[in-house]
Amino acid sequence: MFRKLPSILRPSVLSCRAGAAHYSSSSPTSFFTQVLSKFPSERCLVFAYGSGVFRQEGHKDTKDNMTDFIFAVHDTEQWHKENLALHPMHYSTMARMMGPAAIKRCQEEWGARLYFNTLVPWGNGMIKYGVINRRDLLKDLRDWETLYVAGRLHKPVNIIEQEEDKELKEALCTNLSSAVHTALLLLPERFTEEELYMTVAGLSYTGDFRMVVGEDRNKVANIVRPQVDRFRELYRKKLQEFAPVLHMSDNVCVQDVGSGGRMAHLTRLPSGIRDRVLTMYNTNQDTRQVEEIMVEIMVEIAKAVGQ
């Protein structure tokens with residue numbers, strides 16, 4: 001029965017191929033400041049991520065790696081209109097011909113609600129940047145609709161610019177809480193702090209075909225291990241909120257695996273995951289109650305992690 005669980009909730013993650021990272025709001029370097037100055041200013045959040053920003057195992061230096069950016073904007077069409085005027089060669093020939101209205105439709109109606117320009121020459125290196133509408137960003141952070149941007153924000157990133165926006169700030173916090181709730185469901189009663197961060201960082205790679213073909217299978221560990229301190233700082237306050245069900249001491253974690261603790265995590269999963277789990281288990285939708293299904297799922301998870 002456990003096979004019914006969507007891949008993101010399967011305990012195969014416990015193998016801890018690992019990975020991670022979260023927010024660094026350090027002062028932007030001259031490079032980041034220079035990059036931002038060349039793009040349309042109408043934006044609510046900009047962050048840089050990946051091996052071009054923070055060192056990963058297997059990469060000797062960050063300076064030779066492509067730097068990845070995400071721009072969250074209020075008005076997708078207007079942003080692309082301005083950016084096309086500033087940087088037409090960042091876009092493909094077809095995109096330039098279609099224009100900003102068509103680019104907006106491609107971005108907001110398909111896939112992960114992002115539009116990427118990649119392999120963009122910048123100075124002595126390359127950058128890649130994705131554009132997402134604020135509305136779609138909030139939905140992914142809260143509900144894990146695609147887990148594309150939300151998953152990147154489970155790991156340390158360099159937030160270069162952020163508007164004073166209470167709704168966005170709360171959604172960023174909710175995304176971290178959801179990551180911890182999900183990771184704790186996947187972990188046994190006792191585990192290490194590093195295993196916690198690797199499970200969190202691995203959520204966005206679970207079920208990713210690139211982890212089977214093409215990607216480094218140690219990618220998660222390569223992300224987490226050089227950045228344990230950044231992960232610790234990113235999740236420090238959030239983990240304090242889990243004190244009733246999680247005890248941490250000397251890098252060893254012990255969690256409450258009783259029915260109350262498990263149920264607390266299940267009921268706080270993002271709706272995009274929780275609704276899929278309920279649908280998969282609720283084969284008799286007219287007669288079964290949500291609470292009954294949750295108990296069944298909880299029992300299956302406990303069996304899977306050997307409790």
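The buried residues of helix α4 pack against quite a list of partners: α2 (76-86), α3 (93-98), β3 (114-122), β4 (125-133) and α5 (134-143). Keep in mind that this is a predicted model. Which residues of α4 are buried? In this helix, which covers residues 100-109, they are A102, I103, Q107 and E108. Just past the end of α4 comes G111, with a positive phi of about 60 degrees.

**Cores**

Now for the nonpolar packing. The largest nonpolar core holds 54 residues, and F47, L196 and Y235 are the ones that touch the most other members. Helix α7 (residues 166-186) gives this core its largest share, ten residues. There is also a second, separate core of 23 residues, with V35, A95, Y129 and I160 among them.

What does F47 touch? Leaving aside residues up to four places away in sequence, its contacts are D68, F69, I70, V149, L153, V157, N158, I159 and I160.

Three strands make up an open sheet in the order β6-β8-β7, and the pairing is antiparallel. β6 and β7 sit at the edges, each pairing on one side only. From one strand to the next, the twist averages 25 degrees. As a reminder, strands of a sheet pair through backbone hydrogen bonds, either parallel or antiparallel.

Here are the residue ranges of the strands:

| Strand | Residues |
|---|---|
| β6 | 190-192 |
| β7 | 246-249 |
| β8 | 252-255 |

How many bridges join β7 to β8? Four, with the two strands running antiparallel. To find your way around that pair, look for M248, which stands opposite C253 in β8. Helix α8 (residues 193-202) packs on the sheet and touches β6, β7 and β8. The direction of α8 makes about 85 degrees with that of β6.

**Cysteines**

Is C44 buried or exposed? C44 has 0% relative accessibility, so it counts as buried. C173 has a relative accessible area of 36%, and because that value lies between the 20% and 50% cut-offs, C173 is partly exposed.

Note on methods. Residues are numbered from 1 along each chain as its sequence is written. This is a predicted model: local features need pLDDT of at least 70, side-chain atom pairs count only at pLDDT 80 or more; totals for chains, interfaces and linings use all residues. Side-chain values use heavy atoms; hydrogens and water are left out. Buried means under 20% relative accessible area, exposed over 50%, partly exposed in between (1.4 Å probe, protein chains only). Contact means heavy atoms within 4.5 Å. A nonpolar core is a set of buried Ala, Val, Leu, Ile, Met, Phe, Trp, Tyr and Cys residues joined through side-chain atoms within 4.5 Å. Two strands pair if DSSP finds at least two bridges between them. Axes are lines fitted to C-alpha atoms, for helices over the stretch in contact, and angles run from 0 to 180 degrees between N-to-C directions.
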